[in-house]
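Visitor: I would like to learn how to read a few features of a model. Could you walk me through it?

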Amino acid sequence: MTTTYGIITGLRDASLRIGAGEIVAVVGPNGAGKSTLLASIVGLVRPAAGRVLLDGRDVTGWAPDRLLRRGVALVPERRRIFTDLSVLENLLLGGAVLRPATRRARVAELLELFPVLAAKRAEPAGYLSGGEAQQLAIARALMSRPRLLLLDEPSLGLAPTLVDLVFDLIARLRAEGRTILVVEQNVRRVLALADRGYVLRSGRVTDTGTGAALAERGDLFAAYLGEPG
Amino acid sequence: MTELAQNLVDGLGRGSIYALLALGLAVVFGVLHLLNFAHGELVTVGAYATYAMFLALGGNWWVFMPAAVLAATATAVATEIVAFRRVRGASPFTLLLTSFGLSVLIQAGLRTFLSDKGRKFPKPAWVFDSVQVAGVRLEVYDLVTLTVTLAVLVGILWPLRRTLFGIALRAAAEDFDAARLMGVQADRILTGAFALSGFLAGIAAVLIAIRLGEAKPLMGLDPLLKAIVATIIGGLGSMGGAVIGGFALGLAEVLFRAWLPDDLKGLTDGFVFAAIALLLVFRPHGLIRVVRAERV
């Protein structure tokens, strides 16, 4: 895919494949095009060239609601929960594509899975802590029972203990057999969890391999990610 | 004390119409980031629908009211589908220009195909009545306006709070793209927002028409200006703020007019705007600050 914003190119011929049941990580420095990649997949921006294929079907440029009905959900960067709505209303909205009875049942299931949200279901989401808000963002995306979950910087801005909580949650989702594409700056943590990974730099895929193999690449960390190997 | 009570009811009655119109503006602003300058024309269309029903059926106000509301709602939805949908996602300037264009087009259409002059119809008899409550003389028109407005506000509060559409509308007002990511269909939410704003403008149109007994091509300009001021007072984009701003503006107008010396009463609007300017110095975002996500 190639995605441009006016004269700025966000993605250049970036090609990725995500297999069913896999966790695939996309890592790279700031401005590498990671969020553009996710926005291009879910139809928030239309790629200038290239295609997005879901089970072999061309879904390029599909509106987010249409894609959600096909089982693709995104947890956006900085969570973007609706702070004026209650926790319960956020969850209900996450199930907008479901029938009303299914939606209510799904809310009950997720409140059981996320007890901290159950305790604060009537509170405005703006009152939640960072970790609680991230749990709400993930629970909200899970409302529609997505086959493919896209996570954009899930640990961004969280305290270290809350980062543990978020990665535990991703591990739990993996154990359930969910397919996950996660974009993350916490490179070591996400590669330790991922089946495969892609390194994105200046909009291009510059490296790919298993999560374990990429995690061993000291040169990669020093050259591309600005971390000591 | 008696005079104060009278002024308060008068101010709240006047503010009711501003509140209805400001809420409609805020609903559309929330989802489209557009201050719709064609909103005043919905009042005009509602008033002309009232006139048309008068010509067709005579002086039955119970028929006028739903006709005016329906006409304003249908016009609002039509403007969204025909004009605003085409420029969704365009720059704020393009949206603003589109709304100006629509406003001018509707005014010109009414002046060309109907008349430049006003079309009169009889006001209901009770407009001129007043009642005594605990020694305070109150105009029936103010009481009706206030009661209708409160009933409408309470009536739309339930669907806004309890239905998925209402939740989606509030969510879209906070972060439109995030709402789309939840599966909310952009077309539906925008059409719904315009329908709601048209419905509210239609109610306001009936209340204005009852008072004026006339439909004129440019009659929407003054209410539009007041509604814009009310939304700015309340905090641009805040639905609750718009309602509060509307009532506050109505009260300010009546109280300034009552308290200013006779030789300064002609400057009432000037004093009201000076007070608003002072408010904005201390609260630049209005009474309620709206934090909104930027679009991708």
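Guide: Gladly. Let us begin with a definition: two strands pair if DSSP finds at least two bridges between them. Keep in mind that this model is predicted.

Visitor: How many bridges join β9(A) to β10(A), and do the strands run parallel or antiparallel?

Guide: In general, strands of a sheet pair through backbone hydrogen bonds, either parallel or antiparallel. Here β9 (residues 196-201) of chain A and β10(A) are antiparallel, with six bridges joining them.

Visitor: What lies between β9(A) and β10(A)?

Guide: The two strands form a hairpin with two residues between them, and in that turn S202(A) has a positive phi of about 50 degrees.

Visitor: What is the strand order of the sheet in chain A?

Guide: It is an open sheet of six strands with mixed pairing, in the order β6-β7-β8-β3-β9-β10 (chain A). Its edge strands, β6 (72-75) and β10 (204-210) of chain A, each pair on one side only. From one strand to the next, the twist averages 15 degrees.

Visitor: Moving to chain B, how do α1(B) and α10(B) pack?

Guide: Helix α1 (residues 2-32) and helix α10 (residues 239-259) of chain B pack at an angle of about 145 degrees, with their axes 6 Å apart. Their crossing is right-handed. The contact has 19 nonpolar, six polar and four charged residues.

Visitor: Why does the end-to-end distance of α2(B) agree with its length?

Guide: At 1.5 Å a residue, the 19 residues of helix α2 (residues 39-57) of chain B should span 27 Å, and the end C-alpha atoms are 27 Å apart, so the two agree. Just after α2(B), G58(B) takes a positive phi of about 85 degrees.

Visitor: And how much area do chain A and chain B bury between them?

Guide: The size of an interface is often given as the accessible area lost when the parts come together. For chain A and chain B that is about 2,000 Å², 64% of it on carbon and sulfur atoms. On the chain A side, R80(A), F82(A) and L93(A) lose the most area to chain B, together 30% of what that side buries.

Note on methods
Residues are numbered from 1 along each chain as its sequence is written. Chains are lettered from A and ligands numbered from 1 in the order in which they are written. This is a predicted model: local features need pLDDT of at least 70, side-chain atom pairs count only at pLDDT 80 or more; totals for chains, interfaces and linings use all residues. Side-chain values use heavy atoms; hydrogens and water are left out. Helices (H or I, at least four residues) and strands (E, at least two) are DSSP runs, numbered from the N terminus. The expected span of a helix is 1.5 Å times one less than its number of residues. Axes are lines fitted to C-alpha atoms, for helices over the stretch in contact, and angles run from 0 to 180 degrees between N-to-C directions. A crossing is left-handed if the near helix is turned anticlockwise from the far one by less than a right angle, and right-handed if clockwise. Ala, Val, Leu, Ile, Met, Phe, Trp, Tyr, Cys and Pro count as nonpolar, Asp, Glu, Lys and Arg as charged, and the others, Gly among them, as polar. Buried area is the accessible area (1.4 Å probe) that two parts lose on being put together, summed over both.
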